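Here is a brief report on one protein model. Please keep the sequence and the coordinates at hand while reading.

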Amino acid sequence: ICEVTLPFSTDSQLRGIYMNIFGNLRWGRILEDLDVMAGSVAYAHSEGFQRDLTIVTASVDQIDIRHRVPSTKDLHMKGWVQYVGRSSMEVKISVSHLDDTDNAPRRDVA
């Protein structure tokens, strides 16, 4: 399992990197992060760095963006191996943010 939190609520410089000119999050940048996270999970699971393996993203099956995320809320990404075959694996990544309105611990975004 790999987890990363992007602290948009407290880091204005990071927020500036991920925002477009309209003040919304740049999903292209987040998709790059998801790709890196999937690779990190796969390398950790297969001991890819120690074994000098080459791992590539072969496909992305589905991305559902369920809610708009304000650029002032921290974004939390969590990735894990969901399936392992002989020469492939499936990595699942969940993206969520803290929802202040209903005091829910996390609200799934994608």
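How do the residues of the lining of the largest pocket divide into nonpolar, polar and charged? The count is 16 nonpolar, 12 polar and eight charged. The model is a predicted one.

## Fold and confidence

The protein has three helices and four strands. Along the sequence they follow the pattern β-α-α-α-β-β-β. Buried residues make up 26% of the 110 residues. Take the contacts between residues at least 6 apart in sequence: 54% of them join residues at least 24 apart.

The pLDDT averages 84 over the protein. A score of at least 70 is reached by 89% of the residues. Among the elements, helix α1 (residues 12-18) has the highest mean pLDDT, 92. Strand β4 (residues 104-108) has the lowest, 57.

## The largest pocket

The largest pocket holds about 1300 Å³ of space. Its lining consists of 36 residues, and the closest to the pocket centre are A38, S59, M89, E90 and V91. Helix α2 gives the most, with eight residues.

V81 lies in strand β2, which spans residues 75-84. Beyond its neighbours within four places in sequence, V81 is in contact with V41, H45, M89, E90 and V91. V81 and V91 are 10 residues apart in sequence, yet their C-alpha atoms are 4.5 Å apart.

K78 lies in strand β2 as well. K78 counts as partly exposed because its relative accessibility is 30%. Leaving aside neighbours within four places in sequence, K78 is in contact with I1, C2, E3, M37, K92, I93 and S94. K78 and V41 are 37 residues apart in sequence, with 9.7 Å from C-alpha to C-alpha.

## Helix α2: S46

S46 lies in helix α2. S46 counts as buried because its relative accessibility is 12%, and the cut-off for buried is under 20%. The side chain of S46 reaches the backbone oxygen of A42 at 2.8 Å.

Which residues does S46 contact, leaving aside its neighbours within four places in sequence? They are R51, L53, I55 and M89. M89 is also a contact of V81, and M89 is among the residues closest to the centre of the largest pocket.

D52 sits in the loop between α3 (48-51) and β2. D52 is not a glycine, yet its phi is positive, at about 55 degrees. Most residues other than glycine have a negative phi.

Why does D52 count as exposed? The label applies because its relative accessibility is 68%, and exposed means over 50%.

Note on methods:
Residues are numbered from 1 along each chain as its sequence is written. This is a predicted model: local features need pLDDT of at least 70, side-chain atom pairs count only at pLDDT 80 or more; totals for chains, interfaces and linings use all residues. Side-chain values use heavy atoms; hydrogens and water are left out. Helices (H or I, at least four residues) and strands (E, at least two) are DSSP runs, numbered from the N terminus. Contact means heavy atoms within 4.5 Å. On a 1 Å grid over the protein atoms alone, a cavity is a set of points where a 1.4 Å probe fits but cannot get out, and a pocket is an open set with protein on both sides within 12 Å along at least five of seven lines; lining residues have an atom within 4 Å of a point. Grid points are joined across faces, edges and corners, and a volume is the space filled by probe spheres set on the points. Ala, Val, Leu, Ile, Met, Phe, Trp, Tyr, Cys and Pro count as nonpolar, Asp, Glu, Lys and Arg as charged, and the others, Gly among them, as polar. Buried means under 20% relative accessible area, exposed over 50%, partly exposed in between (1.4 Å probe, protein chains only). A polar contact is a pair of N or O atoms within 3.5 Å; within protein, one must be able to donate a hydrogen and the other to accept it, and residues adjacent in sequence count only if both atoms are side-chain atoms. pLDDT is the predictor's confidence in each residue, from 0 to 100.
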